[in-house]
Amino acid sequence: MRITHCRACNSPLVNRRAHATTCSSKCRNVVWRQSKVTMIPEKIIFSIANHALVTKAAEAAGKSINQYVHDRLTQSIEC
Ligand SMILES: [Zn+2]
């Protein structure tokens with residue numbers, strides 16, 4: 001039998017549920033906090049023409065408008 005390890009403290013997970021990923025509620029909270037990304041909502045106003053362009057581009061990319069604008073803005077800032 002393969003022994004898995006806690007995702008937070010890496011201790012072996014013995015005598016745990018088969019699909020357990022952490023050894024304790026404390027470690028489960030650590031993993032949850034690490035996975036949580038804090039997002040700050042921001043309003044962006046487009047002209048109707050630009051909104052149509054952004055909507056089309058988001059649909060072409062298979063993303064929501066929010067995700068598309070977020071990705072484009074963060075890409076342009078990171079470059
Ligand atoms: Zn642990």
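Is Val14 buried, partly exposed or exposed? Val14 counts as partly exposed because its relative accessibility is 46%, where buried means under 20% relative accessible area, exposed over 50% and partly exposed in between (1.4 Å probe, protein chains only).

The views below come from a predicted model, in which local features need pLDDT of at least 70, side-chain atom pairs count only at pLDDT 80 or more, and totals for chains, interfaces and linings use all residues. Residues are numbered from 1 along each chain as its sequence is written, and side-chain values use heavy atoms, with hydrogens and water left out.

**View A. Val14 and Ile3.**
Val14 lies in the segment before helix 1; helices (H or I, at least four residues) and strands (E, at least two) are DSSP runs, numbered from the N terminus. Between the C-alpha atoms of Val14 and Ile3 the separation is 7.0 Å, and the two residues are 11 residues apart along the chain.

Cys6 counts as buried because its relative accessibility is 3%. Cys23 is also buried, with a relative accessible area of 17%. Cys9, at 42% relative accessibility, counts as partly exposed. A disulfide is a covalent bond between the sulfur atoms of two cysteines. In this model a disulfide is taken as a pair of cysteine sulfur atoms within 2.5 Å, and the count by this rule is zero.

**View D. Thr22 and its contacts.**
Thr22 is in the segment before helix 1. With a relative accessible area of 11%, Thr22 is buried. Neighbours within four places in sequence left aside, Thr22 is in contact with Cys6, Arg7, Leu13, Cys27, Arg28 and Val31; contact means heavy atoms within 4.5 Å.

Asn10 has a phi near 65 degrees, a positive value in a residue other than glycine. Asn15 is not a glycine either, and its phi is positive at about 55 degrees. Asn10 lies in the segment before helix 1, and Asn15 is found in the segment before helix 1 as well. Asn10 is exposed, with a relative accessible area of 53%, and Asn15 counts as exposed at 82% relative accessibility.

**View F. Helix 2 and helix 3 are roughly perpendicular to each other.**
Two packed helices are described by the angle between their axes and the distance between the axes. The axes of helix 2 (residues 48-61) and helix 3 (residues 65-78) cross at roughly 95 degrees and come within 9 Å. Axes are lines fitted to C-alpha atoms, for helices over the stretch in contact, and angles run from 0 to 180 degrees between N-to-C directions. Angles under 35 degrees count as roughly parallel, over 145 as roughly antiparallel, 65 to 115 as roughly perpendicular and the rest as oblique. On the helix 2 side, His51, Val54, Thr55, Ala57, Ala58 and Ala61 meet Ile65, Tyr68 and Val69 of helix 3.

**View G. Ile65 in helix 3.**
Ile65 counts as partly exposed, at 29% relative accessibility. Apart from neighbours within four places in sequence, Ile65 is in contact with His51, Val54, Thr55 and Ala58. Ile65 and His51 are 14 residues apart in sequence, and their C-alpha atoms are 9.3 Å apart in space.
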